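Dear colleague,

Please find below the structure that I am handing over to you, together with its sequence. My findings follow directly after it.

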Amino acid sequence: MASVTISNVQKNYGAMNVLSAVDLSIADGEFVVLVGPSGCGKSTLLRMIAGLEEISAGEIKIGERIVNDVAPKDRDIAMVFQSYALYPHMDVASNMGFSLLLRKTAKELVMNRVGSAAKRLGLDVLLQRLPRQLSGGQRQRVAMGRAIVRDPKVFLFDEPLSNLDAKLRVHMRTEIKALHQQLKTTSVYVTHDQVEAMTMADRIVVMHDGVIQQVGTPLELYDHPANLFVAGFIGSPGMNFLPAVVSREGKRVAAELTDGQMIALRPELKVEDGDRVTVGIRPENIEVGGEGLKAKIGVIEPLGLSTQFYTKLADQQVCIFAMGRTDRGPGDAIGLGIKAADVHLFQGVTGLRIA
């Protein structure tokens with residue numbers, strides 16, 4: 001196992017800048033998830049760690065070794081791709097052990113490693129099957145097994161669950177997390193799915209337009225997003241945003257929405273009367289039937305265990321997540337309660353979090 005250190009790394013395609021001065025340290029044994037929308041640079045960064053993309057500037061170290069000019073096969077990494085990339089004419093055992101045979105590893109050692117990995121992944125009864133005889137989840141496990149048998153210093157995952165259906169994705173992300181807890185190998189995982197990031201990561205790296213927006217544990221990012229982008233990207237359903245102007249009178253501080261309604265703010269927030277801000281409220285922090293705001297229900301989504309309401313405040317659609325069921329219907333007037341402690345506040349111009 002080994003740490004991964006990325007220092008001032010940049011990537012340019014001609015005049016187009018894809019990654020801008022990326023700095024990131026991944027500890028030995030850590031599971032780090034790179035997350036962000038399409039085109040944010042997360043897969044490019046992963047491929048640079050793997051040696052599949054050249055670095056325009058900066059330095060990447062695996063352990064204590066600088067690997068900028070080291071060939072991918074010599075970096076002691078193993079990569080699991082979005083496409084399973086299995087050899088269709090080889091059975092499961094041959095697919096898993098092929099890379100070791102190319103390195104002229106003794107056949108007995110190859111068989112031992114393949115057998116051990118297959119048992120760990122529940123593939124030991126499938127070793128003689130061809131890829132076409134496997135389900136999507138089984139194929140993905142074979143791809144993971146092929147990586148495990150190499151016993152690498154670092155695992156790299158490039159959106160490995162994207163081709164699976166929703167139920168199987170949930171199952172496989174649990175398997176990958178459990179596997180990491182067993183192996184404790186340093187892992188870098190790329191996804192655009194923030195639920196995968198939240199449920200799997202030791203730390204999440206949120207990227208946008210080739211720049212790291214924030215790095216932290218899942219709950220750090222959820223509770224203290226650094227800016228509007230992170231706040232809107234992390235969490236499902238997403239955070240609600242409302243433009244407002246600060247109203248401060250002595251110790252009383254509130255955000256006045258464009259429709260004149262007021263949301264109480266914590267008095268210790270560093271804001272002044274008249275400041276333009278954006279109020280952020282998570283759907284689960286809005287109390288249906290509470291006091292403070294008035295609205296009308298637009299759409300109701302019953303989920304059995306919980307209910308999602310959609311309404312409008314200050315001409316902005318607002319999602320509300322409430323446990324349990326409801327007898328209310330579209331068009332009903334409701335009161336909404338929001339505690340000052342649950343309000344996230346961001347600068348109106350820069351979008352940065354206000355402490």
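Helices here are DSSP runs of H or I with at least four residues, numbered from the N terminus. Please note that the model is predicted.

The loop between helix 3 and helix 4 holds Arg132. This residue is exposed, because its relative accessible area is 63% and the cut-off for exposed is over 50%. Leaving aside residues up to four places away in sequence, Arg132 touches Pro88 and Arg139.

Helix 2 contributes Ala93, Met96, Gly97, Leu100 and Leu101 to the contact, while helix 3 contributes Lys107, Val110, Arg113, Val114, Ala117 and Ala118. Sorted by class, this contact comprises eight nonpolar, one polar and two charged residues.

Helix 4 (residues 136-148) has 13 residues, which at 1.5 Å a residue should span 18 Å; the end C-alpha atoms are 18 Å apart, so the two values agree. Eleven of the 13 residues of helix 4 are buried, and the helix is thus mostly covered. Among the buried residues are Gln138, Arg141, Met144 and Ile148. Their cover includes strand 6 (77-80), helix 2, helix 3, strand 7 (154-158) and helix 5 (166-183).

With kind regards

Methods: Residues numbered from 1 in each chain as written. Predicted model: local features only at pLDDT ≥ 70, side-chain atom pairs only at ≥ 80, totals over all residues. Heavy atoms only, no water. Contact = heavy atoms within 4.5 Å. Helix = DSSP H or I, 4+ residues; strand = E, 2+ residues; numbered from the N terminus. Nonpolar A, V, L, I, M, F, W, Y, C, P; charged D, E, K, R; others polar. Expected span 1.5 Å × (residues − 1). Buried < 20%, exposed > 50% of the residue type's maximum accessible area, 1.4 Å probe, protein only.
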